[in-house]
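Hi,

Here is the structure I promised to pass on.

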Amino acid sequence: MKLETGEQILFEDGFARHVKGKLNLVPGKLILTNQRLAFERRSVVASSFGLLGVLILGPLLRGNVTIDLPRMQLAAFSQGKYGRNQNVVQLVSTDGTEYTFTVSKFDQWAHHLTQAGIALHAL
């Protein structure tokens with residue numbers, strides 16, 4: 001992801017997954033900056049080689065940004081659940097659109113989202 005002028009990364013998770021349905025997880029990187037929240041889907045080629053591909057090919061093969069929300073459009077977040085995984089961040093935008101991500105550690109995301117001024121709520 002290319003940063004804009006003055007944009008700084010506040011937190012990122014290289015092993016996040018965007019949940020698009022019950023069995024549809026898209027691997028990628030979830031990035032919170034001082035200006036936006038973005039999800040960059042991994043390259044299909046790198047993902048096809050598993051963890052080795054992510055670690056070695058991932059930095060070489062650019063993914064594409066599939067979610068790019070200005071920080072002011074994020075209204076709230078909460079902890080969700082995906083099967084047994086409780087490291088799930090559910091976000092809702094000001095227009096009511098919901099986004100669900102599995103992340104490495106919910107507590108770390110909760111801290112950084114709260115610091116960025118996004119409210120913690122039960123959605």
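To start with something to check on your screen: are R36 and E7 buried or exposed? R36 is buried, and E7 is too; buried here means under 20% relative accessible area, exposed means over 50%, and partly exposed is in between (1.4 Å probe, protein chains only).

Before the rest, some housekeeping. This is a predicted model, where local features need pLDDT of at least 70 and side-chain atom pairs count only at pLDDT 80 or more, while totals for chains, interfaces and linings use all residues. Residues are numbered from 1 along each chain as its sequence is written, and side-chain values use heavy atoms, with hydrogens and water left out.

On confidence: pLDDT is the predictor's confidence in each residue, from 0 to 100. The protein averages 84, and 80% of the residues score at least 70. Among its elements, helix α1 (residues 44–48) has the lowest mean pLDDT, 51, whereas α3 has the highest, 96. Helices (H or I, at least four residues) and strands (E, at least two) are DSSP runs, numbered from the N terminus. Where pLDDT is low, the predicted coordinates should not be read in detail.

Now the salt bridges, meaning a side-chain nitrogen of Lys or Arg within 4 Å of a carboxyl oxygen of Asp or Glu. The structure holds three of them. In one, the side chains of R36 and E7 come together at 2.6 Å, N to O. R36 sits in strand β3 and E7 in the segment before β1, so this pair ties together parts 29 residues apart in sequence. R36 also meets D68 in a salt bridge, at 3.0 Å, N to O. That one links distant parts of the chain, with D68 in strand β4 and R36 in strand β3, 32 residues apart. R36 counts as buried because its relative accessibility is 10%, while D68, with a relative accessible area of 43%, is partly exposed.

The remaining pair is K29 and E12, whose closest N and O atoms are 3.4 Å apart. K29 belongs to strand β2 and E12 to strand β1, so the parts they tie together are 17 residues apart in sequence. K29 is partly exposed at 28% relative accessibility, and E12 is partly exposed at 35%.

Next, the core. A nonpolar core is a set of buried Ala, Val, Leu, Ile, Met, Phe, Trp, Tyr and Cys residues joined through side-chain atoms within 4.5 Å. The largest one has 22 residues, and L30, F77, V89, L91, F101, W109 and L113 touch the most other members. Elements that each supply at least two residues of this core include β1 (9–21), β5 (74–82) and α3 (106–115). The biggest giver is α3, with four residues.

That makes α3 worth a separate look. Its buried residues are F106, W109, A110 and L113. What covers the buried residues of α3 includes β1, β2, β3, β5 and β6. Leaving aside neighbours within four places in sequence, L113 is in contact (heavy atoms within 4.5 Å) with L32, F77, V89, L91 and I118. After α3 comes G117, with a positive phi near 90°.

Cheers
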